[in-house]
Amino acid sequence: MGWWQIDADALAKSRFMVSPLAETIAALMALDRPAAADPGERIWLGAHLSRYRARLAHDPIDALLVRAALGHTWNADFLTPPPLGCGEQSFEEEVAAVRDADPATAVADLALSLAGPVPEPLRSAVDLPERMAAVLTWVWRETVLPTWPRRRRILEADVVARTARLSQGGWAGALDELCPGRLSWLGDGRLQVNARDYPPRSAEGGLLLFVPVTPGRGWVSWEGAERFAIVYPCSGTLAEPDAPVVPEALGVLLGTARAGVLVRLESPKSTSQLVALTGQGLGSVGRHLKVLLDARLVRRRRSGRSVLYYWTEAGETLVRAQS
């Protein structure tokens, strides 16, 4: 298995963050090897897959580059630079790290992702980083940016939920839940990051970043010994495939509409998310949230540009008791 050696300094500096570039790379992976993880992703693929394939068919070198960079066991490192970790950057700021990669390093990275020789014309190309940045920019503008506000809210909600679990169960519990079967706390400062037979790597003293993405894809990346990123599929999805059932007794107690808001707050959600999920108006959802806040059944917390609501212990107990 692949694992990193983590020390107290790395954990103390670690943080969760949202990355537009990571979201775009995950979208590229979903488009290149389509296998919908949920109904929302299936709808998204149906809207964009044919245009993505047409984009690559128009430039065979780009198509060959993408397939080579998205290796079967490892992604080309220049494709997946870790975020800087100094506050959220725009997509344009982040993709510059891909565009500015050294062309010779890009070819070497492709040899690792392919686990073999790099075919022509990629081996002698001098513009591979620019080409990859152009493909990512197309994926961002055409398939991610139109739904970015909603994606951001889902990602921010996941960050709030993860940090809440961290405060309740510590790092071992939080990490074990992040990517079941792939990420696991092994003890003695060892963090399993994948199931591959790769040499261990020291992340002691480095900046450890946890980056959620909405597509069901994940990977790890690093920059020297300074920055390490674990990109993981977040717990939210782009659509709500199965709406939670409002227990009848809870509906009688709170009113069906208000209870419908409460039962959806097991994971943190914004007012706009609740409007989309419940079908209720913004004013109605706002009034329900105020009553639930006053009754101390939910709390609220700011995350980025959003205010997210989630259960208190009393709210969870009430819902669980009636379910």
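At what angle do the axes of helix α4 and helix α7 cross? In this predicted model, in which local features need pLDDT of at least 70, side-chain atom pairs count only at pLDDT 80 or more, and totals for chains, interfaces and linings use all residues, the answer is given together with the wider architecture. Residues are numbered from 1 along each chain as its sequence is written, and side-chain values use heavy atoms, with hydrogens and water left out.

The axes of α4 (residues 60–69) and α7 (residues 128–144) cross at roughly 90 degrees and come within 10 Å. Axes are lines fitted to C-alpha atoms, for helices over the stretch in contact, and angles run from 0 to 180 degrees between N-to-C directions. The two helices α4 and α7 are therefore roughly perpendicular to each other, where angles of 65 to 115 degrees count as roughly perpendicular, under 35 as roughly parallel, over 145 as roughly antiparallel and the rest as oblique. On the α4 side, the contact is made by Ile61, Asp62, Leu65, Val66 and Ala69, and on the α7 side by Leu128, Arg131, Met132 and Val135; contact means heavy atoms within 4.5 Å. Seven of these contact residues are nonpolar, none is polar and two are charged. In this division Ala, Val, Leu, Ile, Met, Phe, Trp, Tyr, Cys and Pro count as nonpolar, Asp, Glu, Lys and Arg as charged, and the others, Gly among them, as polar.

The protein as a whole contains 13 helices and 11 strands. Helices (H or I, at least four residues) and strands (E, at least two) are DSSP runs, numbered from the N terminus. The C-alpha trace spans about 70 × 50 × 30 Å along its principal axes. The radius of gyration is 21 Å, which agrees with the value near 20 Å that a compact globule of 323 residues would have; the radius is taken over C-alpha atoms, and the globule rule is 2.2 Å times the number of residues to the power 0.38. Of the 323 residues, 50% are buried, where buried means under 20% relative accessible area, exposed over 50% and partly exposed in between (1.4 Å probe, protein chains only). Among contacts between residues at least 6 apart in sequence, 68% join residues at least 24 apart.

An open sheet of four strands has the order β2-β6-β8-β7 and mixed pairing. Its edge strands, each pairing on one side only, are β2 (15–16) and β7 (219–223). Two strands pair if DSSP finds at least two bridges between them. Within this sheet, β6 (residues 207–213) and β8 (residues 227–233) are parallel and share seven bridges, with Phe210 bridged to Ile230 in β8. Helix α2 (residues 20–32) lies across β6, β7 and β8 and runs at about 50 degrees to β6. Thr24 belongs to α2 and is buried, with a relative accessible area of 0%. Beyond its neighbours within four places in sequence, Thr24 is in contact with Phe91, Leu136, Val139, Trp140 and Val144.

Strand β4 (residues 190–194) takes part in two pairings. Three bridges join β4 to β3 (residues 184–187) in the antiparallel sense; in this pairing Ser184 stands opposite Gln192, and Trp185 has Leu191 as its bridge partner. Strand β1 (residues 2–5) also runs antiparallel to β4, over four bridges, and Gln5 is bridged to Arg190. Four of the five residues of β4 are buried, and the strand is thus mostly covered.

Strands β3 and β4 form a hairpin with two residues between them. Arg296 lies in the loop between α12 (282–294) and β10 (298–303) and is exposed, at 67% relative accessibility.

The bond from Glu120 to Pro121 is cis, with omega near 5 degrees, and Pro121 is placed in the loop between α6 (103–114) and α7. Arg162, in helix α8 (residues 148–178), counts as buried at 6% relative accessibility. The C-alpha atoms of Arg162 and Leu178 are 8.2 Å apart in space, with a separation of 16 residues in sequence.
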